[in-house]
Amino acid sequence: PYGPLGSPDANGLRLPDGFSSRVIARSGTDIGPRPYKFHILPDGMGSFKTRDGGFVLTSNSEAPYIPGIADIGTGAIRFNKNFEVVDAYPILKDTWVNCAGGVTPWGTWLSCEEIDTGKVFECDPMDGKPFGGKNSIERPAMGVFKHEACCVDPVGKQVYLTEDLGDGCLYRFTPDRYPDLSSGRLDVASVDDRTGMVSWITVPDPQFTGATPTRKQVPEATKFRRGEGMWFDEGNVYFSTTQDDRVYAYHPDSSLIEVLYDGVALGDEAPLHDTDNVTVSPISGDLFVCEDPGGTVTEGLQVCIISTEGEAAAFVEVSVEGHANSELTGPVFDPTGNRLYF
């Protein structure tokens, strides 16, 4: 939709005509006045407006917890209204393999652990301490499993969650007292293959206190091939599955799920493979999807666009040089919708 990609710029990015790039942070390098050494393995991100016209960018670290070496679960970068970095700091520490997550309508960041006993942590991106003197709190009622991402439906007052396993599930959490996430009901999706209609079945032991993993507690649950990124926009829950190159849209109003993009069906000429993190442009409504090739890419890593008309195309490409065995993660727009971060 934006035309062909140009030659690599000074940062090694191929962009359509009219776009430019800027490096914000690099792992192991100090940023911000405190200073703050940017964490390794940056993954899912979110953005939040600030009262001074700027915003905060949250970024997970997909590293295992190593005391004193890799102890950051989520970091934050604060920008002023001129898109200049004015601060950087951790908002979640001492957690394991924080992959993606999701923003909430009430201004917190949900950071998800991608381990078998993973939990969701609710964090304050503004570096405050709203949770009894802490700036983060675990939310085990939202399920204990290998989390990837989540998103909030503010109309239905529910949270949707993906699971990063080849036989993972799609979940829905209904808080007892929205938006308080400390207690509620966790359901799992069962999809009718003929109609695409979704039935939601309660998970008996969402906190995995017994011997049966959360995803195996409901025999009728539909298995998705590595649930990945997730985003809510205009009444739609978008999410991707990496192993089969798919992007789905679930419509809570009708309980219908549909496949928006199927890279396997399109074959080798498909513009988008290994679908991972997703976001939606707040201006155009276009969907942006990152590629996670698992270290097998030879030509370049791309963030692709799926337009509102259903056309898929590359938007930006990162050269493999310097990014071997990597993946693109964390696509998110600033609150104005003018800049895309990944």
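Q: What volume does the largest cavity have?
A: This is a predicted model, so the value is computed from predicted coordinates. The structure holds one cavity of 30 Å³ or more. Its volume comes to about 110 Å³.

Q: Which residues are closest to the centre of the largest cavity?
A: The lining of the largest cavity counts 14 residues. Strands S4, S8 (98–103), S17 (227–233) and S21 (275–280) each supply at least two residues of that lining. Closest to the centre are Met 45, Ala 100, Gly 101, Met 230 and Val 278.

Q: Which residue in S7 stands opposite Ala 76?
A: S6 and S7 run antiparallel, and seven bridges join them. Across this pairing, the residue opposite Ala 76 is Tyr 89.

Q: Is Asp 71 buried or exposed?
A: Asp 71 lies in the loop between strand S5 (55–61) and strand S6 (72–79). Leaving out residues up to four places away in sequence, Asp 71 touches Tyr 65, Ile 66, Leu 92, Lys 93 and Asp 94. The relative accessibility of Asp 71 is 17%, and buried means under 20%, so Asp 71 counts as buried.

Q: What is the phi of Asp 94?
A: Asp 94 is found in the loop between S7 and S8, and at 45% relative accessibility it counts as partly exposed. Most residues other than glycine have a negative phi. Asp 94 has a positive one, near 65°.

Q: How many salt bridges does a search of the whole structure find?
A: Side chains of opposite charge can pair when their charged atoms come close. One of the salt bridges here links Asp 180 with Arg 177, with the closest N and O atoms 3.6 Å apart. Over the whole structure, the search finds 16.

Q: Which residue forms a salt bridge with Arg 185?
A: Arg 185 is partly exposed, at 35% relative accessibility. The closest N and O atoms of the pair are 3.1 Å apart, and the partner is Asp 187.

Q: Which residues do salt bridges that share partners join into one network with Arg 226?
A: Arg 226 and Glu 228 meet through their side chains in a salt bridge of 2.7 Å, N to O. Arg 226 is partly exposed at 22% relative accessible area, whereas Glu 228 is buried at 1%. Through shared partners, the network joins Arg 226 with Asp 164, Glu 228 and Asp 292.

Q: Which residue in the turn between S12 and S13 has a positive phi?
A: Strand S12 (residues 147–153) is mostly covered, as seven of its seven residues are buried. It pairs with strand S13 (residues 158–163) in the antiparallel sense over five bridges, and Cys 151 stands opposite Tyr 160 in S13. The two strands form a hairpin with four residues between them, and the turn residue with a positive phi, about 60°, is Lys 157.

Q: What is the average twist from one strand to the next in the open sheet S17-S18-S19-S20?
A: Four strands with antiparallel pairing make up this sheet. S17 and S20 (256–262) stand at its edges, each with a single partner strand. From one strand to the next, the twist averages 20°.

Q: Which residue does a cis peptide bond join to Pro 179?
A: Most peptide bonds are trans. A cis bond joins Arg 34 and Pro 35, with omega about -5°. Pro 179, in the loop between strand S14 (170–177) and strand S15 (180–191), is also part of a cis bond, with omega about 5°, and the residue joined to it is Tyr 178.

Conventions: Residues numbered from 1 in each chain as written. Predicted model: local features only at pLDDT ≥ 70, side-chain atom pairs only at ≥ 80, totals over all residues. Heavy atoms only, no water. Salt bridge = Lys/Arg side-chain N within 4 Å of Asp/Glu carboxyl O. Buried < 20%, exposed > 50% of the residue type's maximum accessible area, 1.4 Å probe, protein only. Contact = heavy atoms within 4.5 Å. Pairing = 2+ DSSP bridges. 1 Å grid on protein atoms, 1.4 Å probe; cavity = no way out; pocket = protein on both sides within 12 Å on 5 of 7 lines; lining within 4 Å. Points joined across faces, edges and corners; volume = space filled by probe spheres on them. Axes fitted to C-alpha atoms, helices over the stretch in contact; angles between N-to-C directions.
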